[in-house]
Structures are given as structure tokens and as C-alpha cells.
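Subject: Structure handover and findings

Hello,

Here is the structure you asked for, with notes on what turned up in it. Please read them with the model open.

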Amino acid sequence: MEIDVRGPRFGAALTTVVLAIALVTGNGWLLAVQTVFFAVGAVAGVRNSPHGWVFRTLIRPRIGPPPATEDAAPPRFAQAVGLAFAAVGVLGYLVGPQWLGVAATACALAAAFLNAAFAYCLGCEMYVLLKRATA
């Protein structure tokens, strides 16, 4: 399935904001919400994640057709990677140790920021490397 290349980048921008707030405040419950968003994106696909829905229904109709499309599998894998880091972060914040929550959230934030600011998706690159390694 092909998706608008701008969708995952928009989702990464929203994710960057949520993760930055969670990191600055140490709010494990906010991180838990983002974890659910990652889970939906990983299981149902990025188009069906909450951020994907916002892009598809509110943003894309206003900015027109996509300049390009991409395979949905790499961004979906990236959501699974984000899910793993966010889940570890939630455990760190809510169960302990606190530093684990901070470290995992910071890693997820760095990856989301790279995608939002520079259109460089670390999870997507991991997907490509894994595909090559298993081919």
C-alpha cells in the first residue's frame, strides 16, 4: 500500500511535540498515550493512527494531492520501533527507574525529530537494512 510521503512526517512532528512535553515534564501518562498511538500505527498502519487520521482528514484536503508516495511498510515498522521505546519509557516513568523513562523517551524523541525536521526516518532505515539482511 502506498501512502502520502507528507503523512508520516506530519505524524512525526506531532509525536515530537508530545514526546518533548513528556520528557520535560516526566509525565509517564502522556507517554502512555503516545505509546497507544504508536501501537495503533504499528498494528493498523500509519494511515489509521490518530496522527494519520488528523493528516488524512484535516490537513491533506487543504494541501492537495501528494507530490510522491511511499510504501507504507517502512513507516509502519518505524511505529513498532517507536512503540518499543515508548513502552520502555512508560515502564521507567511509572515503575522505575526514572532514568530509564528519560533515556527511552529521549531516544524516541530524537528519532521523531529527525523525521519531522529532516525527513530522515531511522525506523524506515532499519526496515530497509533488515530486509536486505534477510533477503
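Does R60 count as buried, partly exposed or exposed? R60 counts as partly exposed, because its relative accessibility is 31%. Buried here means under 20% relative accessible area, exposed over 50%, and partly exposed in between, with a 1.4 Å probe and protein chains only.

Two notes on the source. The model is predicted, so local features need pLDDT of at least 70 and side-chain atom pairs count only at pLDDT 80 or more, while totals for chains, interfaces and linings use all residues. Residues are numbered from 1 along each chain as its sequence is written, and side-chain values use heavy atoms, with hydrogens and water left out.

Salt bridges

Side chains of opposite charge can pair when their charged atoms come close. The rule used is a side-chain nitrogen of Lys or Arg within 4 Å of a carboxyl oxygen of Asp or Glu, and it gives 2 salt bridges. One is between the side chains of R60 and D4, at 3.5 Å from N to O. This pair links distant parts of the chain, with R60 in helix α3 (residues 50–63) and D4 in strand β1 (residues 2–4), 56 residues apart. Helices (H or I, at least four residues) and strands (E, at least two) are DSSP runs numbered from the N terminus. D4 also meets R6 in a salt bridge, 2.8 Å from N to O. D4 is buried at 7% relative accessible area, whereas R6 is partly exposed at 21%. Through shared partners, the salt bridges join D4, R6 and R60 into one network.

Cysteines

With a disulfide taken as a pair of cysteine sulfur atoms within 2.5 Å, the whole structure has 1 disulfide. The bond joins C121 to C124, with an S to S distance of 2.4 Å. The disulfide is right-handed because the torsion about the S-S bond is about 70 degrees. C121 is buried at 13% relative accessible area, and C124 is buried at 12%. C107 is partly exposed, at 43% relative accessibility.

Nonpolar core

A nonpolar core is a set of buried Ala, Val, Leu, Ile, Met, Phe, Trp, Tyr and Cys residues joined through side-chain atoms within 4.5 Å. The largest one has 10 residues, among them L19, F38, V90 and Y93. Helices α1 (6–25), α2 (28–44), α4 (73–94) and α5 (98–118) each supply at least two residues of this core. Leaving aside residues up to four places away in sequence, V90 touches G28, L31, A32, T35 and V95, where contact means heavy atoms within 4.5 Å.

Aromatic pairs

Rings of Phe, Tyr and Trp (its six-membered ring) pair if their centres lie within 6.5 Å; planes under 30 degrees apart count as stacked, over 60 as edge-to-face and the rest as tilted. There are 3 aromatic pairs in the structure. One of them is F10 with F55, a tilted pair 5.8 Å centre to centre with 40 degrees between the planes. F10 lies in helix α1 and F55 in helix α3, 45 residues apart. F10 is partly exposed at 21% relative accessible area, but F55 is buried at 6%. F77 and Y127 are also tilted, because their planes stand at 55 degrees with the ring centres 5.8 Å apart. This pair links F77 in helix α4 to Y127 in helix α6 (residues 122–134), 50 residues apart.

Regards
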